[in-house]
Amino acid sequence: MRAQSRQFQGGTRRRAVPAVVAVAIGVVTLGTLAPPSVSAAAGADGVQRALNVLVRDDGVPAALASVQGRDGRARSYTAGVGDLTTGSKVPVDGQVRIGSNTKAFTAVVVLQLVAEGKIGLDTTVDTYLPGLVRGEGIDGSRIKVRQLLQHTSGLPDYSRYLGDDARYYDPRELLDTALRHPADFEPGKSWKYSNTNYVLAGLLVQKVTGRPLAQEMDRRIIKPIGLRHTYFPAPGDASIREPHPHGYLRDAADGPLRDITEIDPSWGWAAGQLISTNSDLNRFFTALLGGRLLPPAQLAQMRTTVPAEATFGPAARYGLGIVSRPLPCGGLSWGHGGSFPGYETRGGATDDGRATHVAVTTQLTDEADRRNLERAVDTALCR
């Protein structure tokens with residue numbers, strides 16, 4: 001069996017995911033797909049039409065969206081089916097694996113610790129984790145915390161080198177996997193997306209606070225702003241707790257879809273392990289831009305960006321755990337995006353209170369399909 005896709009970044013690169021995930025699970029095809037459904041509150045407006053395109057033309061089993069207007073009113077949309085085997089409806093605002101949107105949460109925790117004087121953005125990693133980060137062209141005494149959050153550290157991406165075992169990965173194992181490979185460039189000399197940066201940021205949080213990263217996210221972000229459907233899965237938990245659409249993956253471009261909803265997400269950890277809903281992501285990014293999670297100084301640092309077009313598309317820029325994209329109607333949206341086997345999520349929020357997130361239940365490997373997903377986001381944000 002060919003290796004699957006292992007990916008949880010906001011961009012387009014695809015890596016291997018454990019092949020054993022697909023063993024002994026049913027093979028389904030898009031021939032079982034029901035006509036696109038429309039949520040009662042949605043109506044056949046532009047957002048609904050955009051979701052219908054994703055199902056009809058791009059072949060995703062399901063598409064879900066949550067749209068929040070300037071007035072704070074929210075609307076939910078669905079298209080497709082939630083389970084290709086049973087033909088069940090797509091749960092409105094169902095939970096999905098949000099992949100690299102997790103990075104924004106990790107960055108917020110780090111920046112809160114910066115505001116508390118416990119971490120320095122321009123202090124080296126070795127200050128907090130002495131001697132831990134060493135390898136060919138890699139020296140933690142030369143890598144700053146800011147460079148982790150902005151992907152300018154040069155650390156190689158461990159997700160390129162993981163094997164095919166569907167199992168639990170300890171965060172240190174992920175880091176050690178990366179450190180067996182040479183640096184991509186000297187710290188601060190370039191930009192390249194690497195999940196290793198955020199695993200190291202998570203380890204930094206745990207060292208400084210003395211508490212698990214999941215606990216820090218829960219008490220610093222999830223509970224204070226009322227993210228009732230967001231959680232960091234416990235070790236060994238491959239399930240999704242609340243109503244959710246099933247996630248699917250293909251072995252090959254013309255191959256059948258396989259249900260991989262249940263998968264150990266530990267190889268994502270601080271870079272991609274969270275489960276959430278579109279509406280909770282809207283609430284998170286709206287609260288972040290509205291200053292409810294960070295003081296002004298740290299929020300300004302977070303929004304200080306560098307070019308990131310190679311991963312996130314034309315005119316995209318990367319801050320500290322968030323991405324800015326220009327909107328066709330003017331202005332910027334701020335968010336991240338995430339891709340995890342079985343799910344892909346795109347979205348963002350604006351400074352005037354608009355927010356949108358759209359999820360589909362398979363990873364998109366075709367550039368045209370990804371453009372359609374981003375077009376659905378833009379359609380909602382520019383209403």
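**Figure 1. Contacts across the whole chain of the predicted model.** Among contacts in the chain with a separation of 6 or more, 69% are made by residues 24 or more positions apart. The model shown in every view is predicted. Its secondary structure comprises eleven helices and 18 strands. The chain has 383 residues, and 60% of them count as buried.

**Figure 2. The disulfide of Cys329 and Cys382.** How many disulfides does the structure hold? There is one, and its partners are Cys329 and Cys382, with their sulfur atoms 2.1 Å apart. Because the loop between strand S14 (323-326) and strand S15 (332-335) contains Cys329, while Cys382 belongs to the segment after helix H11 (367-381), the pair ties together parts that are 53 residues apart in sequence. A disulfide is a covalent bond that links the sulfur atoms of two cysteines. The link of Cys329 and Cys382 is left-handed, with -75 degrees about the S-S bond.

**Figure 3. The hairpin of strands S14 and S15.** Strands S14 and S15 run antiparallel and are joined by four bridges. Opposite Pro326 stands Leu332, a residue of S15. Five residues lie between the strands of this hairpin, and Gly330 takes a positive phi near 100 degrees.

**Figure 4. The packing of helices H1 and H11.** Helix H1 (residues 46-56) packs with H11 at an angle of about 170 degrees, and the two axes are 9 Å apart. An angle over 145 degrees counts as roughly antiparallel, so H1 is roughly antiparallel to H11. Which residues of the two helices meet? From H1 come Gly46, Val47, Ala50, Val53 and Leu54, and from H11 come Asp369, Asn372, Leu373, Ala376, Thr379 and Ala380. Sorted by class, this contact of H1 with H11 contains seven nonpolar, three polar and one charged residues.

Figure 5. Arg292 is placed in the loop between helix H8 (278-289) and helix H9 (296-302). Why does Arg292 count as exposed? Its relative accessibility is 53%, and the cut-off for exposed is over 50%. When residues up to four places away in sequence are not counted, Arg292 touches Pro224, Ile225 and Ala287.

**Figure 6. The surroundings of Gln206.** Gln206 is a residue of helix H5 (residues 195-209). With a relative accessible area of 25%, Gln206 is partly exposed. Which residues are in contact with Gln206, leaving aside its neighbours within four places in sequence? They are Arg211, Pro212, Leu213 and Trp269. Glu216 is ten residues away from Gln206 in sequence, and the C-alpha atoms of Gln206 and Glu216 are 8.4 Å apart in space.

Definitions and conventions
Residues numbered from 1 in each chain as written. Predicted model: local features only at pLDDT ≥ 70, side-chain atom pairs only at ≥ 80, totals over all residues. Heavy atoms only, no water. Disulfide = S-S within 2.5 Å. Axes fitted to C-alpha atoms, helices over the stretch in contact; angles between N-to-C directions. Parallel < 35°, antiparallel > 145°, perpendicular 65-115°, else oblique. Contact = heavy atoms within 4.5 Å. Nonpolar A, V, L, I, M, F, W, Y, C, P; charged D, E, K, R; others polar. Pairing = 2+ DSSP bridges. Buried < 20%, exposed > 50% of the residue type's maximum accessible area, 1.4 Å probe, protein only.
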